[in-house]
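The sequence and the structure are shown below.

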Amino acid sequence: MADRVSHDPVVHITEVRELDRDLVVVPDGRVQLVPNIGVIGGRDAVLVVETGLGPRNAEKVLEFATEYARGRRLYLTTTHFHPEHAFGAQVFAGEATFLVNRAQAEDLKVKGAGYLDMFRGLGEPVARQLEGVVLPEPDLVYDEAYDLELGGRTVQLRATGRAHSRGDQVVRVPDAGVLFTGDLVEAEQFAIFPWFPPYDTDVSGTRWLAVMERLAGEGARVVVPGHGAVGGPELLADVRDYLRLLRDETWVRRDSAMSAETIVEEVRALMIERHPEWAERDWIEKGVGCLCAEHPA
Ligand SMILES: [Zn+2]
């Protein structure tokens, strides 16, 4: 998000993977600003999770979902308001019922326009995908928890409280042991901290850690991260352990009144040493900045 993007963040409906009976993921293809997209079916209805960035991507997702649904009713939800997850929802208007948690709906309303501007500034390929975006209005808003009945299958939508954003939610399919986490979890890369003071300081490292401690204890069998390969419960444990270490290593240096530059330098080196294979290293510094601000002085 902080760097300019030179590639086209385009959703490709290829290598669609069936995780369980009537439950598929359109994988992100490891393309930055393309999310993993889920389609979850029941007897009567189908739920789509995430839209892709902008209306052109969302049209592809809607077309795929409509074909997949074969006449079943469509629902759409998004894990949080960030543009590659939610800024295509307008395309689903009249075709699907768009439902989200209240904190996410408020994020969209309060911060949507600012994020649209910020993302347009990431470069021509991103701006092109965002042409014609109209910030969506959910059809249905719930507070903390919503059980969506698809017919013989119940999907649990759960607001987690502030973590990666103010309005994160997870989507759980209990009969399949599948959990969609959005950007609370990324595979094979460092956790995304959208820490952009003074414009956006909603991300909370300490609350995020608390959410991951809870999720890791809930026994998901299959975890669909916001970005990166689908995995098992180890993905939850990896992020939990990373956030804990990032907090501890940041705070112990903060206690010693070390300069901010030195804290970043030392913690960054440690984290890379711990996870040499993880991508997106620049997010470490944002995470350190966030946790410094959350240090109990
Ligand atoms: Zn995000």
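## Contacts and overall dimensions

Of the contacts in the chain with a separation of 6 or more, 68% are between residues 24 or more positions apart; two residues are in contact if their C-beta atoms, placed from the backbone, lie within 7 Å. The model is predicted, and local features need pLDDT of at least 70, side-chain atom pairs count only at pLDDT 80 or more, and totals for chains, interfaces and linings use all residues. Residues are numbered from 1 along each chain as its sequence is written.

The C-alpha trace spans about 60 × 40 × 35 Å along its principal axes. A compact globule of 297 residues would have a radius of gyration near 19 Å, and the 18 Å of the chain agrees with this (the radius is taken over C-alpha atoms, and the globule rule is 2.2 Å times the number of residues to the power 0.38). Buried residues make up 48% of the 297. A residue is buried if 20 or more other C-beta atoms, placed from the backbone, lie within 10 Å of its own, exposed if 12 or fewer, and partly exposed in between.

## The seven-stranded sheet

The chain contains eight helices and 12 strands, which are DSSP runs numbered from the N terminus (helices: H or I, at least four residues; strands: E, at least two). Seven strands form an open sheet in the order β1-β2-β3-β4-β5-β6-β7, with mixed pairing; two strands pair if DSSP finds at least two bridges between them. At the edges are β1 (17–20) and β7 (140–142), each of which pairs on one side only. From one strand to the next the twist averages 25°.

Within this sheet, β3 (residues 37–41) has five of its five residues buried. In a regular strand the side chains alternate between the two faces of the sheet. Both faces of β3 are covered, with I37, V39 and G41 on one side and G38 and I40 on the other.

## Strand pairing and helices on the sheet

Strand β2 (residues 23–26) runs antiparallel to β3 and is joined to it by four bridges, with L23 opposite I40. Four bridges also join β3 to the antiparallel β4 (residues 45–49), where V46 is the bridge partner of G41. Three residues lie between β3 and β4, which form a hairpin.

The pairing of β4 with β5 (residues 73–77) is parallel and has five bridges; V48 has L76 as its partner in β5. Helix α1 (residues 54–69) lies across β2, β3, β4 and β5 and runs at about 155° to β4. Axes are lines fitted to C-alpha atoms, for helices over the stretch in contact, and angles run from 0 to 180 degrees between N-to-C directions.

Helix α7 has 15 residues and reaches 21 Å from its first C-alpha to its last, close to the 21 Å expected at 1.5 Å a residue; the expected span is 1.5 Å times one less than the number of residues. Its buried residues include I263, V264, V267 and M271. They cover an arc of only 95° around the axis, and therefore lie on the same side of α7 (the arc is that of the directions from the helix axis to the C-beta atoms). The face turned away from this buried side carries the exposed residues E261, T262, A269 and E273.

The buried residues of α7 pack against α6 and α8. In α8, nine of the 12 residues are buried, among them W283, I284 and L291. The cover over the buried residues of α8 includes α5 (205–216), α6 (234–255) and α7 (260–274).
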